[in-house]
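Please read the points below with the sequence and the 3D structure side by side. They are short notes for a first reading.

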Amino acid sequence: MADRVLVIGSGGREHALAWKLAQSPHVKQVFVAPGNAGTADNGKISNSAVLVSNHTIVTQFCKDHNIGLVLVGQEALLAAGIVDDLRAAGVRCFGPSAKAAQLASNTSFAKAFLDRHGIPTARWKAFTNPQEACSTDFPARVVRARGPAARKEVTIAASKEEACRAVQEIMQDRMFGEVVVVEELLQGEELSCLCFTDGVTVASMPPAQAHKRLLDGDQGPNTGGMGAYCPVPQVEQSSSS
């Protein structure tokens, strides 16, 4: 493990990464850029004001501060190719390439990937015309903007009218993008099963469940996440994998 590590992002995800990295005896210092109040001057952890949107500046920061490893948590930067640029400059970086990051940043790309490989997913259609998007006949609808913000800018519509309002905001008002994905709403429990891979070996993490609706009882607008817990009672725990 590298002596100095840079974690890129500002949310709870990056806070957790920095917290755990700082526990390693192999890590001397953890920078978080831009970080948050929880990562400011906290033992081994400190925030950095390096401009993360400029990959050249980030690369120079890593070389100036002898950063041995960079971890990128911010999805928009992954989609923008920061991992590709850092690796090309000789900086060790953990995270997907821009091409791989499309699975999270580009909803229509991800849905088409699932269909192409026979992976079960809700029925869906992508639209560039708002009138056509409003005409889908799914009994319940999820409206997603395509792009780096798409995973968070999601409307779970209880009616066709509500779905059409979301479509208008996305496509005509250009709030989040110009392509919209409308999909069938699936009812039931949702779990996240994450894995680490180096391209050859896959190591799975225990399933977790996140809560994304703003209010109690799964009510209110969708958010980036209001908390998560692990393990989950819906999945039997096993000592073998």
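1. Asp41 is exposed, because its relative accessible area is 70% (buried is under 20% relative accessible area, exposed over 50%, and partly exposed in between, with a 1.4 Å probe and protein chains only). Asp41 sits in the loop between β2 and β3 (45–47). Its phi is near 50°, a positive value in a residue other than glycine. Most residues other than glycine have a negative phi.

2. The model is predicted: local features need pLDDT of at least 70, side-chain atom pairs count only at pLDDT 80 or more, and totals for chains, interfaces and linings use all residues. Residues are numbered from 1 along each chain as its sequence is written, and side-chain values use heavy atoms, with hydrogens and water left out. Helices (H or I, at least four residues) and strands (E, at least two) are DSSP runs, numbered from the N terminus.

3. Asn66 also has a positive phi, near 55°, and is a residue other than glycine. Asn66 belongs to the loop between α2 (55–64) and β4 (69–72). With a relative accessible area of 56%, Asn66 is exposed.

4. Where are the cis peptide bonds? One joins Ala33 and Pro34, with omega about -5°, and Pro34 is in strand β2 (residues 29–34). Another joins Cys230 and Pro231, with omega about 0°; Pro231 is in the segment after β15 (228–229). Most peptide bonds are trans.

5. How many salt bridges does the structure hold? There are 3, a salt bridge being a side-chain nitrogen of Lys or Arg within 4 Å of a carboxyl oxygen of Asp or Glu. One of them pairs Arg13 with Glu75, whose closest N and O atoms are 3.1 Å apart. Arg13 is in helix α1 (residues 12–22) and Glu75 in helix α3 (residues 75–79), so this pair ties together parts 62 residues apart in sequence. Arg13 is partly exposed at 44% relative accessibility, whereas Glu75 is buried at 15%.

6. Glu183 and Lys111 form another salt bridge, with the closest N and O atoms 3.0 Å apart. This pair links distant parts of the chain, 72 residues apart: Glu183 is in strand β9 (residues 180–184) and Lys111 in helix α6 (residues 107–116). Glu183 counts as buried at 6% relative accessibility, and Lys111 counts as buried at 6%.

7. Arg123 and Glu184 meet through their side chains in a salt bridge, at 3.2 Å from N to O. Arg123 lies in the loop between α6 and β6 (124–127) and Glu184 in strand β9, so the pair ties together parts that are 61 residues apart in sequence. Arg123 is partly exposed, its relative accessible area being 44%.

8. How do helix α5 (residues 98–105) and α6 pack? Their angle is about 95° and their axes are 6 Å apart. Axes are lines fitted to C-alpha atoms, for helices over the stretch in contact, and angles run from 0 to 180 degrees between N-to-C directions. The two helices α5 and α6 are therefore roughly perpendicular (65 to 115 degrees; under 35 is roughly parallel, over 145 roughly antiparallel, and the rest oblique).

9. Asp218 is in the loop between β13 (213–215) and β14 (219–222). Its relative accessible area is 51%, so Asp218 is exposed. From C-alpha to C-alpha, Asp218 and Arg116 are 32 Å apart in space, and they are 102 residues apart in sequence.
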